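Here are some notes for a first reading of this structure, written as numbered points. Please keep the model open beside them while you read.

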Amino acid sequence: FPCEVIRNFSIIAHIDHGKSTLADRLLELTGTIETKSTGLNQQVLDKLKVERERGITGGPSIVMDLLRFAAQSVFQNDLLTKLSMIHMAHGKQHLLNLIDTPGHVDFAWEVSRSLAACQGALLLVDASQGVQAQSISVFHIAKERGLKIIPVLTKIDLPASQPERMAAQLQSTFGIDPSEILHISAKTGQGVEAVLRAIVDRIPPPSGNINSPLKAFMFDSLYDRYRGVISLVSIQDGIIQKGDKIASCHTRKKYEITEVGVMHPEEVPTSSLQPGQVGYIACNMKESSEAHIGDTFHRVGALVDPMPGFQPSKAMVYAGVFPVDSNDFIKLEESIKRARFHIRFSLTLTDRSVTIQRESSTALGQGCRLGFLGTLHMDVFRQRLEDEYDANIIITAPTVPYKIIYKDKTVMISNPTEFPDTSDTSCRVKQVQEPVVNASIIVPEEYMGEMMNLCFAHRAENLDHRYLDSGSTSEASARAILTCTLPLSEIVTDFFDQLKSRSSGYASFDYEDGGYKASDLAKMVFLLNGKPVDALALIVHRSAQHEVGKKWVKKLHKVIPRQLFEVPIQAAVGKKIIARETLSAMRADVTAGLYGGHYERKMKHLENQKESKRKMKRIGSVDLPQDAFFDILSTK
Ligand code: GDP
Ligand code: MG
């Protein structure tokens, strides 16, 4: 296939707007797959049964979508071949490559990465729902990457669909000309032919020149035990063949190509890769650390400008993970590493972005501090680990990275235990800053008040709103978009759940990085019998310190088993005690079953731990079963 008949595109949409259904329909229409039942969805969903059996059932559809994405990525091979369609147009066969992207803000980096291999995108909007938060964020990423956008309103077969109104929304939100909008139903197939035509006619072919110096863009990599790193590349210019000597723009290291090929769906060696083609290269690259996603390869001696790379993804949410039984540490660390690396067929492509460091805690022993791209990312990874460990791990409360500005230096911290005592005047801290996000929420107008309250309760600033449309006179109410800045720490816990429940599920929410902002924060420490428990330290905003202190002290009181003596449980900020509860001494005749917390949880634990002895931790003079931490940290 010469360059001019190739079209690389992706479908961008809010969750549940019908991306997979449209993809299936396109594959069917082009004869790539026969019927829906043998379609990609089915295949991918089959793979996901593994996940489902391991407990991720009926999760929010966003999680399912993410997993689906991860699964598809494992078949990146398939992705680039099975999702390659051949379509006749203007008397010529065209090769249409559908490249998948995740639809979630945590993975903006991956979205950007996938879109880098495309020249166009279908912006798919559900004609009964209209523009939602993720429609907007993915639209902007596509726009920034200079992609040709084909607007598509789908589900027009639904009685509740309002294509005219939604077309007006697309116009007012994105400046899209309504005459460019395609109206389809991916379910009935109505209008889907026109989508194929639009892909061929409106999206430009990849613009490469085979005679220009080689420019190969690395968008992913795999590790092969025998051949080392296999890079997945898209060829922008020039040609690449076995025996070529190439160099990385990023590391300047030189390599010799030992194999090139395409994924079909397994690796099939070919004689060369040419502009517009996507394939793999093997060279003598030994270490995964040499592979930089977003790197550009060029021929040795023929320097080129690197392709715009990517900002490497950076962790925005951190949590400590500890084994309940400290003998399990090595096993835990190994499985974290395993889950984190991109091993083929492991369904964990995106988890490579999890950062990992060893951490030790006096209360919990040896553990790992993990960094995640966002909360969804954390939840999925955590689910994976918990499934594997059957509740035998303890995960500390999530924290965001803080910037501590001293007179002479700035320090980033991702663990509350490292947070300085700002009330101590000798500590020379000039300012503390926390990450904030620019958030947008789209809701029907009747929920505006509730959403504003929710935002204010989470320290929102710069609150603003405007209407996306005026609704229709009959049943549909107007839609508003509410924007504000929110501290990231305020949305890492239950913000999303609250947003959904307080809007009856109607609100859609998205955010982007908003940098750092000065904030009045302090470290809260919990003391048992006067001794601090490091694993429980928290960073709180001073305006909320009393409320948070009281809540946690109550919770501790509930789950800590009684001792032979009275134990004060205190929350402190600096030297000041903010809240206190007292655990009364146990009576002499009480000998067993002191373990507090929920009965069912307790039973589960006892079952899980029949074999292993209960590990007691001594904090000061208080004996604490290690799994009490599990209860403290796992109940909201
Ligand atoms: P995705 O999350 O964007 O991949 O969405 P899916 O393709 O999984 O579709 C979400 C839901 O919308 C599914 O229940 C589909 O059956 C349904 N759906 C998708 N396209 C259409 C359509 O054109 N008409 C109707 N009535 N339902 C559709
Ligand atoms: Mg889908």
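Predicted model: local features only at pLDDT ≥ 70, side-chain atom pairs only at ≥ 80, totals over all residues.

1. Residues are numbered from 1 along each chain as its sequence is written, chains are lettered from A and ligands numbered from 1 in the order in which they are written, and side-chain values use heavy atoms, with hydrogens and water left out.

2. Rings of Phe, Tyr and Trp (its six-membered ring) pair if their centres lie within 6.5 Å, and planes under 30 degrees apart count as stacked, over 60 as edge-to-face and the rest as tilted. By this rule there are six aromatic pairs. One of them joins Phe139 and Phe174, a tilted pair with 4.1 Å from centre to centre and 40° between the planes. This pair links distant parts of the chain, since Phe139 belongs to helix α6 (residues 133-144) and Phe174 to helix α7 (residues 163-174), 35 residues apart; helices (H or I, at least four residues) and strands (E, at least two) are DSSP runs, numbered from the N terminus. Both Phe139 and Phe174 are buried, where buried means under 20% relative accessible area, exposed over 50% and partly exposed in between (1.4 Å probe, protein chains only).

3. The rings of Phe495 and Phe509 have centres 5.1 Å apart and planes at 55°, so this pair is tilted. Phe495 lies in helix α13 (residues 495-502) and Phe509 in strand β25 (residues 508-518), 14 residues apart. Phe495 counts as buried at 0% relative accessibility, and Phe509 counts as buried at 8%. Ring pairs link Phe495, Phe509 and Tyr511 into a cluster.

4. Lys403 lies over the face of Tyr516, at 4.5 Å from the ring centre, and Lys555 lies over the face of Trp552, at 4.2 Å from the ring centre. A charge sits over a ring if NZ of Lys or CZ of Arg is within 6 Å of the ring centre and within 35 degrees of the ring normal.

5. How do helices α11 and α13 meet, and at roughly what angle do their axes cross? The axes of helix α11 (residues 448-457) and α13 come within 10 Å and cross at roughly 160°. The contact (heavy atoms within 4.5 Å) involves Glu450, Met451, Asn453 and Leu454 of α11 and Phe495, Gln498, Leu499 and Arg502 of α13.

6. Ser414 lies in the loop between β21 (410-413) and β22 (429-444), and is buried, with a relative accessible area of 14%.

Conventions: Axes fitted to C-alpha atoms, helices over the stretch in contact; angles between N-to-C directions.
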